[in-house]
Amino acid sequence: MTQLWDFSGGVHPSENKHQSTSRPIRMAGIPERLVLPLQQHIGEPAEVIVEVGERVLKGQKIADVTTGMGVPVHASTSGVIEAIELRPVPHPSGMSDWCVVLKPDGEDQWCQLEPIGDYHKLDREKVLHLIREAGIAGMGGAGFPTDIKLRPPRDRKVETLILNGAECEPYITADDMTMREHATEVVNGLKVMAWILRPSRCVVGIEDNKPEAIAAMREAVQGTQIEIAVIPTKYPSGGEKQLVQILTGLEVPSGGIPADIGVMCQNVGTAMAVSRAVFEGKPLISRIVTVTGKAVGEPGNFEILVGTPVSYLLESAGLQRSQLNRLVLGGPMMGYTLTTDTIPLVKTSNCIIAATVDELPAPPPEQPCIRCSQCAEACPMELLPQQLFWYSKASEFEKAEHLNLFDCIECGACSYVCPSSIPLVQYYRYAKDEIRKQRAEQLKSDHARERFEARQARLEREQQEKELRRKERAKAAAEAQAQKQAEAEQTVAEGEATDERAAKAALVQQALERKKAKAAQAAEPAPAAVEQPDIETLEKQLMQAETKLSTMQGMLEEARAQQADNVEKLERAVAKNHDRVERAREALAEARGQMATNTSDASSE
């Protein structure tokens, strides 16, 4: 039997899971429109590689990340790209972001798939590339790209691979139903990830309130060395750091990740997506989502296409709008209230709660803190929520950060037990955002200072070089003057002048003779032959100027696209090079005219 440990704090809210587990997983179908956000994961947003009006096939890549961390986005079904525009996306702020709007054609026609028969014969990098190209990101949390997570640093060997099937938050049963009905696919995906990482131990953690899922997974791992660990039901045992502590007894260091102690966690949904990508060649275009709450007539779990609007899924579950009071995306502890049901479901969406007034009532007004310390007792990260609240509210962010604010996993346990109804997590989120903004501003300021200092150093260096050249010219002039004086003294010494007056007279006479010679040379008639302009050299200069202008224009366009700081400087450089090209063209045209005139004069003679 697997040894288990416990973690500090935690709470036991009402589970409310039975409402959505009485029916098997249902297919949600194809809505009239699919809205596919370009950023559904942590990292860089994908860039569109299709055009409006273009027909795409199911599973076809429609956006990709070429630089930075990220995964591509695929068409969830076949149809026509109707628009590429800003649309509301799943976010606590209700923000809008760039999305691809796909109008399905009803044919649901797949693109060409390339499943792998035996992944053991492939190089690990190729399998990781396949996972990346399938657009797989973590489906249980923030959506970290799976292929990057499966590449731990070389100095951090993963000894324990954990599959997180705890699903501790109330109402949510997507992972539970996935393990019940797709246990084989989940285990196959876990095997692929284990083959990539080569851990010494693989374990699946499942809370003891999921007996059907436990039985299905135990049957699926028969004949393997994968452990099924049944853990006590307590929120938030499904948190990554808490589950690691329960199953290994190890504590993830402050500011660190499980890989720092040789552990890695993956989600049940992620494992199934990896299985489908490898063995069926299918990208991540669908997922299991829980629809529950007293305002829906048929709560349950649905396999939805990524990009399906919330409104469509609610109608599929029999939404009773007259009873709907609050719409929550995610669970009641870590989810957030939606202001509209037009937003799309993405790769990280796992639950929609359509709650009535009595089910999730509005929180009572915030009261002053009574210093009861219940929040500290409930915190699974062993933080000091009360002090963090004071510092966050007073905008003393440095003190809050000193108390390990960023170790807060925003589980909501502190807010749940607070008798004063203080929305503690909201204060912590606010403080984190402000600190991130300050860091970004500081980084921007540091870059500006570095650029200024570099410019000042360059100007000072140029000034020093200019002064050095001036001194060298002055030294050369002084040496030339000294040489002339020495020559004059030598002339006197050789007897060519008997005294100083005679020496000066000789020098004056020599200067007059040189002047007469120059005047006579200038009076001579010019030679009959007229020097022809060098057309070839002028053409070469024009070509060089045009090439440099083209290069500078390309650099300017790239800088504008990236919103770089040197756009104005490049614009001035392009203008200068444009003037040089014009001057080169005028010089070439003038030279060609002069040649034509010379040729005409020569023929007339």
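Q: In this predicted model, which residues of H6 are buried?
A: Let's start with a helix that is mostly covered: H6 spans residues 240–248, and eight of its nine residues are buried. Buried here means under 20% relative accessible area. The names to look for in H6 are Lys241, Gln242, Leu243, Val244, Gln245, Ile246, Leu247 and Thr248.

Q: Which strands do the buried residues of H6 pack against?
A: Helix H6 covers residues 240–248 and is mostly covered. Its buried residues pack against strand S9 (160–165), strand S10 (201–207), strand S11 (227–231) and strand S12 (263–267).

Q: Are H4 and H7 roughly parallel or roughly perpendicular to each other?
A: Helix H7 is residues 268–279, and H4 and H7 pack with their axes 7 Å apart at an angle of about 80 degrees. Angles of 65 to 115 degrees count as roughly perpendicular. The two helices, H4 and H7, are therefore roughly perpendicular.

Q: How many nonpolar residues does the contact of H4 with H7 have?
A: On the H4 side you will find Glu185, Val186, Asn188, Gly189, Leu190, Val192 and Met193, which meet Val268, Ala271, Met272, Val274, Ser275, Arg276, Val278 and Phe279 in H7. By class, the contact of H4 with H7 has three polar and two charged residues, and the number of nonpolar ones is 10.

Q: How is H1 oriented relative to H4?
A: Helix H1 (residues 124–133) and helix H4 (residues 183–197) have axes 10 Å apart and pack at an angle of about 135 degrees. That angle makes the orientation of H1 relative to H4 oblique.

Q: Is the crossing of H1 and H4 left-handed or right-handed, and which residues make the contact?
A: The crossing of H1 and H4 is left-handed. The residues of this contact divide into six nonpolar, no polar and one charged. Those making the contact are Arg124, Val127, Leu128 and Ile131 of H1, together with Val192, Trp195 and Ile196 of H4.

Q: Which parts of the structure does the pair Arg132 and Asp64 tie together?
A: A search of the whole structure finds 40 salt bridges, and the side chains of Arg132 and Asp64 meet in one, at 3.2 Å from N to O. Both Arg132 and Asp64 are buried. The two residues are 68 apart in sequence, so the pair ties together helix H1 and strand S5 (residues 61–64).

Q: Are Lys282 and Glu280 buried or partly exposed?
A: The side chains of Lys282 and Glu280 meet in a salt bridge, 3.1 Å from N to O. Lys282 has 27% relative accessibility, which puts Lys282 in the partly exposed class. With 30% relative accessibility, Glu280 also counts as partly exposed.

Q: How many helical turns separate Arg449 and Glu453?
A: In a salt bridge, the side chains of Arg449 and Glu453 meet at 3.6 Å, N to O. Arg449 is partly exposed at a relative accessible area of 41%, and Glu453 is partly exposed at 45%. Because they are four residues apart in helix H13 (residues 424–493), their separation is about one helical turn.

Definitions and conventions. Residues numbered from 1 in each chain as written. Predicted model: local features only at pLDDT ≥ 70, side-chain atom pairs only at ≥ 80, totals over all residues. Heavy atoms only, no water. Axes fitted to C-alpha atoms, helices over the stretch in contact; angles between N-to-C directions. Parallel < 35°, antiparallel > 145°, perpendicular 65-115°, else oblique. Left-handed = near helix turned anticlockwise from the far one by under 90°. Contact = heavy atoms within 4.5 Å. Nonpolar A, V, L, I, M, F, W, Y, C, P; charged D, E, K, R; others polar. Salt bridge = Lys/Arg side-chain N within 4 Å of Asp/Glu carboxyl O. Buried < 20%, exposed > 50% of the residue type's maximum accessible area, 1.4 Å probe, protein only.
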